[in-house]
Number of protein chains: 2
Amino acid sequence: MKIAVMGAGAVGCYYGAMLARAGHDVTLIGRPAHVDAVNRDGLLLEFGGAQQYIEMNASSDASAIAGAGLVLFCVKSTDTNDAGAQIKPFLAPDTIVMSLQNGVDNAERLSAVIGLPVIPTVVYVATSMEGPGHVKHHGRGELVIGTSPQSEKVAQTLRPAHIPVEISENAEGALWAKMILNCAYNALSAISQMPYGALVQGEGIWDVMRNAVDECLTVAKGCGVTVPGDVWGAIKKIAETMPGQYSSTAQDLARGKTSEIDFLNGYIVRKGAELGIPTPTNLALHAMTKLRERRE
Amino acid sequence: MKIAVMGAGAVGCYYGAMLARAGHDVTLIGRPAHVDAVNRDGLLLEFGGAQQYIEMNASSDASAIAGAGLVLFCVKSTDTNDAGAQIKPFLAPDTIVMSLQNGVDNAERLSAVIGLPVIPTVVYVATSMEGPGHVKHHGRGELVIGTSPQSEKVAQTLRPAHIPVEISENAEGALWAKMILNCAYNALSAISQMPYGALVQGEGIWDVMRNAVDECLTVAKGCGVTVPGDVWGAIKKIAETMPGQYSSTAQDLARGKTSEIDFLNGYIVRKGAELGIPTPTNLALHAMTKLRERRE
C-alpha cells in the first residue's frame with residue numbers, strides 16, 4: 001500500500017521513515033528544502049545513537065499523494081485547512097486519512113475540508129528536525145488512534161514497522177489530555193522563553209498552571225469529553241523529567257514562526273466563550289503569547 | 001519649616017525641587033550618584049521647556065532629615081519598610097509624614113514602622129529622571145491627600161509652591177483607582193516590553209485588562225473601599241493619550257531593577273486570597289512579571 005505523509009516536520013518525517021524502513025512505499029510532501037534533501041540523499045533518521053539514510057519519494061506538490069491508500073496528515077494546526085484543500089483533489093473515496101496533530105479539533109476540521117472520515121490520532125513521540133531531511137528521535141513513538149472501520153487495518157499496517165498502536169474508544173479524551181498539558185506549559189515557556197524546570201520555580205507559576213488546567217477540565221466537561229488519567233499528576237511530572245525542554249510554542253516564537261497557540265489556550269478560550277465558561281487564565285496566556293508572536 | 005524628601009526618584013526630586021524653588025529649606029535623601037550631583041550643581045529641573053538648577057541640601061544618610069517638620073516619603077513600595085526604619089530615629093513626635101507612593105498600603109506599612117501617623121497621598125504627575133540630579137516634568141503635578149489634623153497645614157504649605165492639593169475623604173479610594181490602572185497596564189507592558197498604544201492592539205488584550213480590573217474592583221469592595229470615578233473609562237483613555245508610554249514596571253525590568261509588581265497585581269492576589277476572592281488574571285500577570293524580573 002502506498003503511504004503518503006503530508007507535512008515534513010519532525011512527526012511526519014519520523015513516522016514516514018519508520019514506515020519506509022519497514023519496506024512501505026512512502027511519499028513525503030513537504031517544503032522544498034526538505035524535499036530536495038530527501039530526494040538527493042534519502043531521509044536521515046537518527047535513532048538510538050545510530051544514523052540511517054532511508055530512501056523514499058518526496059515532493060513539494062500535493063499531487064504526489066495520488067494513489068495513496070493511507071495518508072498521515074502531519075501539518076501544524078494552523079495549516080490544517082489549507083493543506084487539506086491541497087490534498088483533497090488527490091484522495092480516493094477509500095483513502096484512509098489519519099490526523100497526527102496537536103489540538104483536539106484537527107480531525108474534525110480536516111474531515112470537513114476533504115469530505116472523508118479522518119481518524120484522530122494522539123502522538124506520543126519526542127523528535128526534532130536537525131536540518132533539511134534530517135530527523136532525530138529522542139524518545140517514545142506510540143500512537144493512540146480512534147475507533148473506525150479502518151482502525152484495525154491501520155494498526156496492522158503500522159505495528160510491524162515498530163510503531164506501537166493502541167485503538168481507543170476515547171482517543172478524543174487522550175487528545176484533550178495532551179492539549180491540556182500543552183495549555184499548562186506552552187504559553188508560559190513561550191512568554192518567558194524558559195525551559196520547564198526553571199519555569200516552574202517562578203513565584204506563583206504552579207498556581208497559574210493549576211488555574212489553566214482547571215479551566216481546561218471544566219471546558220472539556222462542557223464539551224462532553226472525559227479526560228482520561230491524572231492530568232495534573234502528569235503535568236507535575238514533566239517539569240522533573242524534562243527540565244531542559246522548551247515548549248514547541250517557545251521554539252516557534254524564538255524562530256519567528258507562527259505558533260499553534262490558537263489551537264491550545266486559544267481553543268479553550270473560544271470553546272469557553274461558546275459554553276459560557278470563564279477562562280481568564282487561558283485568555284491571559286493566549287493574549288500574551290500572541291503579543292510576543294506579533295513582536296518576533 | 002524644614003522639609004525632607006526621602007527618596008531621590010522622579011517624584012521625590014520633582015516635589016523637592018518645586019518646594020525649594022518656592023523658598024523652602026529642602027533636604028533630599030537619596031543614592032550617592034544623585035546626592036553628589038545635587039550638592040555640586042543643585043538639582044536640575046526641566047519644566048515647560050525651561051531648565052533651572054535649584055539649590056537644596058542632599059545627603060545619602062537618613063540622619064539628614066533630623067529637624068524636618070514635614071517628610072515627603074517617596075521611595076519605591078519595595079523599600080518602604082527599610083527606608084522607614086532608616087528615618088525612624090530622626091523623626092520628632094510632631095513631624096508630619098506623607099507617603100507619595102504607588103500601591104495602597106504604603107501609608108499603613110510606613111506608619112507601623114515609624115510609629116507615627118502617615119498621610120496617604122495620591123500623586124498625579126508625569127516626571128522622569130534624565131540623569132543624576134536631573135528631573136524632567138512631563139505633565140500634571142497635583143496631589144490628593146487624606147484627611148488628618150495636619151492635612152490643611154500641609155495643603156497651605158504646598159499650594160504656594162505651585163503644587164495643587166486636594167484634601168479628600170476618600171484618598172484611599174483614589175489610591176486604589178490609581179493602583180487598578182497600574183494593575184491593568186504595568187504587567188502587560190512589562191512582559192511584552194511594549195508601549196500602551198501597541199499593547200492594546202494585541203488580540204484579547206482588552207479582555208485581559210477588563211478581567212484584571214474586575215478582579216481588582218471585587219477585591220476593593222471586599223476591603224470596604226469605594227473606588228471613585230470611571231476606572232475603566234480612564235484605562236481606555238490612557239492608551240489613546242499615552243500610546244508611546246512604557247509602564248514603570250516595563251522600565252524597571254528593562255533596567256534590571258526590582259519592580260513594584262508585588263504591590264500592584266501581587267497585592268490584589270494576596271488580598272484576594274485573604275478574602276477568598278479568585279484573582280486568576282492578576283495571578284497570571286504577577287507570576288509572568290516575576291519570571292521576567294528574575295530572568296533580567
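Predicted model: local features only at pLDDT ≥ 70, side-chain atom pairs only at ≥ 80, totals over all residues.
How many salt bridges are there between chain A and chain B? The count is zero.

Start with what does cross the boundary. Four residue pairs in polar contact turn up across the interface of chain A and chain B, both partners at pLDDT 80 or more. In terms of plain contact, 28 residues of chain A touch 28 residues of chain B. Putting the two chains together buries about 2,200 Å², and carbon and sulfur atoms supply 69% of that area. On the chain A side, the residues that lose the most area to chain B are E203(A), M288(A) and L291(A), which together make up 24% of what that side buries.

Which elements supply two or more residues to the side of chain A that touches chain B? They are α6 (171-192), α7 (196-199), α8 (205-222) and α12 (280-295) of chain A. Of these, α12(A) gives the most, with 13 residues. Sorted by type, the residues on this side of chain A come out as 14 nonpolar, eight polar and six charged.

As for how the copies are arranged, chain A can be laid on chain B by a turn of 180 degrees with a shift of 0.0 Å along the axis, leaving an RMSD of 0.1 Å. The two copies are thus related as by a two-fold rotation axis. The residue of chain A that comes closest to that axis is T281(A), with its C-alpha at 2.9 Å. The copies also meet through the same surface, because 100% of the interface residues of chain A are interface residues in chain B as well.

Now for the annotated spans. An unreviewed UniProt entry places "domain: Ketopantoate reductase N-terminal" at residues 3-149 of chain A. This span is 27% helix and 39% strand, and its end C-alpha atoms sit 18 Å apart. The record, again unreviewed, also lists "domain: Ketopantoate reductase C-terminal" at residues 171-292 of chain A. Here the make-up is 70% helix and 0% strand, with 32 Å between the end C-alpha atoms of residues 171-292.

Technical notes:
Residues numbered from 1 in each chain as written. Chains lettered and ligands numbered in written order. Heavy atoms only, no water. Least-squares fit on C-alpha atoms with pLDDT ≥ 70 in both. Contact = heavy atoms within 4.5 Å. UniProt positions renumbered as here; feature names shortened; annotations may be inferred. Helix = DSSP H or I, 4+ residues; strand = E, 2+ residues; numbered from the N terminus. Buried area = accessible area lost by both parts, 1.4 Å probe. Salt bridge = Lys/Arg side-chain N within 4 Å of Asp/Glu carboxyl O. Polar contact = N/O pair within 3.5 Å; in protein donor to acceptor, adjacent residues only side chain to side chain. Nonpolar A, V, L, I, M, F, W, Y, C, P; charged D, E, K, R; others polar.
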